[in-house]
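Reader: I have the sequence and a picture on my screen. Please take me through the fold, one question at a time.

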Amino acid sequence: MRARDVSCEVIFDLVGAWYDAELTDSDQNAFEQHLLFCPPCLAYSDRVRRSLAALTAAATVVVPAGLADRLAAVVERVRDT
């Protein structure tokens, strides 16, 4: 893939692979070159990057033991009122 051949639609399709470092070197280069000249794609890729980073961080949070049971009890109390 060459930078000049990359459409915004291709960028949208590849942004996940780009974030996960799954693109070949030449595809990554073309992807990033497109971002240099396309502010909407740059903004989109940044939003996706931040969202995926937040999801990754959230997935690694350890829920304290018993929290689910305590929350369920609160929900039941509120539901009964």
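Reader: Leaving out residues up to four places away in sequence, which residues does phenylalanine 12 touch?

Author: First, two notes: the model is predicted, so local features need pLDDT of at least 70, side-chain atom pairs count only at pLDDT 80 or more, and totals for chains, interfaces and linings use all residues. Residues are numbered from 1 along each chain as its sequence is written, and side-chain values use heavy atoms, with hydrogens and water left out. Contact means heavy atoms within 4.5 Å. By that rule, and not counting residues up to four places away in sequence, phenylalanine 12 touches Cys41 and Tyr44.

Reader: How far apart are the C-alpha atoms of phenylalanine 12 and tyrosine 44?

Author: Phenylalanine 12 sits in helix α1, where a helix is a DSSP run of H or I with at least four residues, numbered from the N terminus. Along the chain, phenylalanine 12 and tyrosine 44 are 32 residues apart, but their C-alpha atoms are separated by 8.0 Å.

Reader: Is phenylalanine 12 buried, exposed or partly exposed?

Author: Here buried means under 20% relative accessible area and exposed over 50%, with partly exposed in between (1.4 Å probe, protein chains only). The relative accessibility of phenylalanine 12 is 39%, so this residue counts as partly exposed.

Reader: What is the distance between the end C-alpha atoms of helix α1?

Author: Helix α1 has twelve residues, 8-19. The expected span of a helix is 1.5 Å times one less than its number of residues. For α1 that should be 16 Å, and the distance between its end C-alpha atoms agrees, at 16 Å.

Reader: Which residues of α1 are buried?

Author: The cover over the buried residues of α1 includes α2 (25-37) and α3 (39-59). The buried residues themselves are Ile11, Val15, Ala17 and Trp18.

Reader: Where is alanine 21, and what is its phi?

Author: Alanine 21 is in the loop between α1 and α2. It counts as exposed because its relative accessibility is 61%. Most residues other than glycine have a negative phi. The phi of alanine 21, however, is positive, near 60 degrees.

Reader: At what angle do the axes of α2 and α3 cross?

Author: Axes are lines fitted to C-alpha atoms, for helices over the stretch in contact, and angles run from 0 to 180 degrees between N-to-C directions. The axes of α2 and α3 come within 6 Å and cross at roughly 120 degrees.

Reader: How many residues in the contact of α2 with α3 are nonpolar, polar and charged?

Author: His34, Leu35 and Phe37 of α2 meet Pro39, Cys41, Leu42 and Ser45 of α3. Ala, Val, Leu, Ile, Met, Phe, Trp, Tyr, Cys and Pro count as nonpolar, Asp, Glu, Lys and Arg as charged, and the others, Gly among them, as polar. The contact divides into five nonpolar, two polar and no charged.

Reader: Which residues does histidine 34 touch, not counting those up to four places away in sequence?

Author: Histidine 34 lies in helix α2, and its relative accessibility of 11% is why it counts as buried. Not counting residues up to four places away in sequence, histidine 34 touches Val6, Ser7, Cys8, Ile11 and Cys41.

Reader: And what is the relative accessible area of cysteine 41?

Author: Cysteine 41 is in helix α3. Its contacts, leaving aside neighbours within four places in sequence, are Cys8, Ile11, Phe12, His34 and Leu35. Cysteine 41 is buried, with a relative accessible area of 1%.

Reader: Finally, which residues is serine 45 in contact with, leaving aside its neighbours within four places in sequence?

Author: Serine 45 belongs to helix α3 and, at 2% relative accessibility, counts as buried. Leaving aside its neighbours within four places in sequence, serine 45 is in contact with Val15, Trp18 and Leu35.

Key: Helices (H or I, at least four residues) and strands (E, at least two) are DSSP runs, numbered from the N terminus.
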